[in-house]
Amino acid sequence: MQKNWKTFLPFIPALLFMIALAHGAIGDAPAGQRLAEEKPKEKLTIKKVMKEAHKKPKELLKKVAMGKATEKEKKRLLHLYAAMSKMKPPTGEEKSWKGKCGLLVTAAKAAVDNKKDAGKQLTKASNCKGCHNLHKPTK
C-alpha cells in the first residue's frame with residue numbers, strides 16, 4: 001500500500017525544529033562551537049602557575065607589568081593568580097598566603113581593567129623573595 005505524502009505533514013514542523021536545533025540555529029551559539037568551547041577543567045598547581053606567570057618563555061607577569069601583554073594574556077595572568085590564591089600554601093601560614101596572593105589578584109585585576117598604575121602594583125605585589133621565604137618548601 002502506497003502512503004500519501006500528506007500523511008507526513010504533521011511531522012514536518014517537529015523535524016525542522018530538530019534540524020535547526022542540531023545546527024545551532026536555535027539557542028545561544030552553534031552546536032559545534034559550544035562543544036569546541038567546553039574544554040576540560042585545567043588542573044593548576046603552584047608550580048604550573050609560577051612557570052607560566054614568571055618564567056621564560058611566557059613570562060606573563062613581565063609582559064603585563066610592562067604594558068606589552070594582550071587582553072587575553074592579562075586575563076590569563078588574573079586567572080592563574082586567582083587559582084593560586086585558592087590553593088593551600090606548601091609551608092607557612094594560610095593567612096599570609098591569602099594576603100600575598102590577594103595582592104597579586106588585585107594587581108592583575110587592575111591590569112585587566114587597564115588601570116594606569118597596574119604595572120607598578122604588579123611589580124610591588126610580586127615580591128618573589130618575600131613569598132618564597134615564607135611559603136616555598138626547602139629542598
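Reader: What percentage of the 139 residues in the chain is buried?
Author: First, this is a predicted model, where local features need pLDDT of at least 70, side-chain atom pairs count only at pLDDT 80 or more, and totals for chains, interfaces and linings use all residues. Residues are numbered from 1 along each chain as its sequence is written, and side-chain values use heavy atoms, with hydrogens and water left out. Buried means under 20% relative accessible area, exposed over 50%, and partly exposed in between (1.4 Å probe, protein chains only). Here, buried residues make up 27% of the chain.
Reader: How many helices and strands does the chain have?
Author: Both are DSSP runs numbered from the N terminus: helices are H or I with at least four residues, strands E with at least two. This chain has 8 helices and 0 strands.
Reader: Which residues of α6 are buried?
Author: An α-helix has 3.6 residues a turn, so residues three or four places apart point the same way. In α6, the buried residues include W97, C101, L104, A108 and A111. The buried residues of α6 pack against α3, α4, α5, α7 and α8, where contact means heavy atoms within 4.5 Å.
Reader: How many disulfides are there?
Author: A disulfide is a pair of cysteine sulfur atoms within 2.5 Å, and the count comes to 0. C128 is in none: the nearest cysteine sulfur, that of C131, is 8.4 Å away. For C131, the closest cysteine sulfur is in C101, 6.1 Å away and too far for a bond.
Reader: Is C131 buried or partly exposed?
Author: C131 counts as partly exposed because its relative accessibility is 21%.
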